Amino acid sequence: MQLNVLILPGDGIGVEVTREAVRVLEKVCSTFGHTLKLTEGLLGGIAIHKTGTPFPDETAKLAVEADATLMGAVGLPEFDNAPPEKRPEKGLLGIRKVLGVYANLRPVKAYPALIESSPLKNHLVEGTDMIIVRELNGGIYYGTPRGIEGSGDTERGTNTMTYTRAEIARITRMAFGLARNRRKKLASVDKSNVLETSQLWRKVVNEIAPEFPDVELEHILVDNAAMQLVLNPKRFDVLVMENMFGDILSDEGAVLAGSIGMLPSASIGDQRPSGAWVGLYEPVHGSAPDIAGQNKANPLGAIGSVAAMLEYSFGLMKEAAAVNAAIESVLNSGRTTADLKPEGAPATTTEVGEAVANAIQ
Ligand code: NAD
């Protein structure tokens, strides 16, 4: 198979972790006999420096042409007070929009070697293995009317949460499809006891459920879901929810894995005629200016994003499993970066990347 992948290293540790993710991707392709065609583009602070804009037209063109995009992270402290159009983070919104990605998938897995790094008691977190599916294009972050008007005591801020049947249906089908290939359990998170958008959400999810009779569906209110994520995380397989609930709960889920550096993510759009999903893959973390340039960053979130790309955009399940197994074997060996608090001297970003690449088989 030929894999055409756009690489957007971005800023800070984005560059360092992406280098290791590419190393692993190259090793997978050579091991399993695939042809890899890489192109590299500019996004974020580096793009502002070189072209004056965080999301150059050339990057948009490359992203549309590629089969999949692998991104590092964006953000540089020097732009913290810049106007919104000149901030590196604007590049993220730009590329998500151009690719039309509407579902953010965050796998959360408790690796046995990292149980001690989780803030939860071992017996609670052991065995946790879930995917949080967050709707990315709708809901209160985009709804209108919005704004602040008036003055004095009657000054009023307004946001609008709105969802159409079509928006709910497409992400529901995606989440059911993911659950079907896993432990066949889907939890749909809403606030249907209070919100009309949630009542429509629940109705549409129920209408679609018969298309997936092999998947067990439960509805759970968002406040209870927040509690269950820390009380009994292993009860969940796939969770699906609207944008703001997903924003909040996916960060809660992130804590379970022990370090933010461990977490991959995938943002998925429509399915191509080949069956592959349009996808943008990136670690959950940011550009970490505090450790940038020191070869200290944990590259496993970026490398896990390669596994997600192989699975969702290319349907290469064996190859994805090989990457995940290599990550696990490196964790078990104890050669990890400082954020995972290894017993001896911590390994560098490069050493961890090389170890994962060497463990691919
Ligand atoms: P951050 O994720 O960059 O860092 C938070 C903390 O986690 C820091 O102490 C950092 O050292 C640590 N950390 C993060 N990733 C790590 C890794 N792989 N290995 C070891 N430690 C790691 O979040 P922040 O400090 O709030 O933001 C820094 C910049 O990144 C800002 O400009 C922000 O806007 C941007 N940001 C970008 C993205 C993205 O590109 N998707 C996401 C979040 C933040």
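1. Domain bounds here come from an automatic or database domain assignment. On that basis the protein has domain 1 (1–104 + 259–361) and domain 2 (119–257). The model is predicted: local features need pLDDT of at least 70, side-chain atom pairs count only at pLDDT 80 or more, and totals for chains, interfaces and linings use all residues. Residues are numbered from 1 along each chain as its sequence is written, and side-chain values use heavy atoms, with hydrogens and water left out.

2. The C-alpha centres of domain 1 and domain 2 are 25 Å apart. Contact (heavy atoms within 4.5 Å) links 13 residues of domain 1 with 13 residues of domain 2.

3. Between them, domain 1 and domain 2 bury about 1100 Å², with 65% of it on carbon and sulfur atoms. Buried area is the accessible area (1.4 Å probe) lost by two parts on being put together, summed over both. On the domain 1 side, Y102, N104 and L263 lose the most area to domain 2, together 51% of what that side buries.

4. Which polar links cross the interface of domain 1 and domain 2? The rule finds 3 residue pairs in polar contact, both residues at pLDDT 80 or more. A polar contact is a pair of N or O atoms within 3.5 Å; within protein, one must be able to donate a hydrogen and the other to accept it, and residues adjacent in sequence count only if both atoms are side-chain atoms. Salt bridges across this interface number 0, by the criterion of a side-chain nitrogen of Lys or Arg within 4 Å of a carboxyl oxygen of Asp or Glu.
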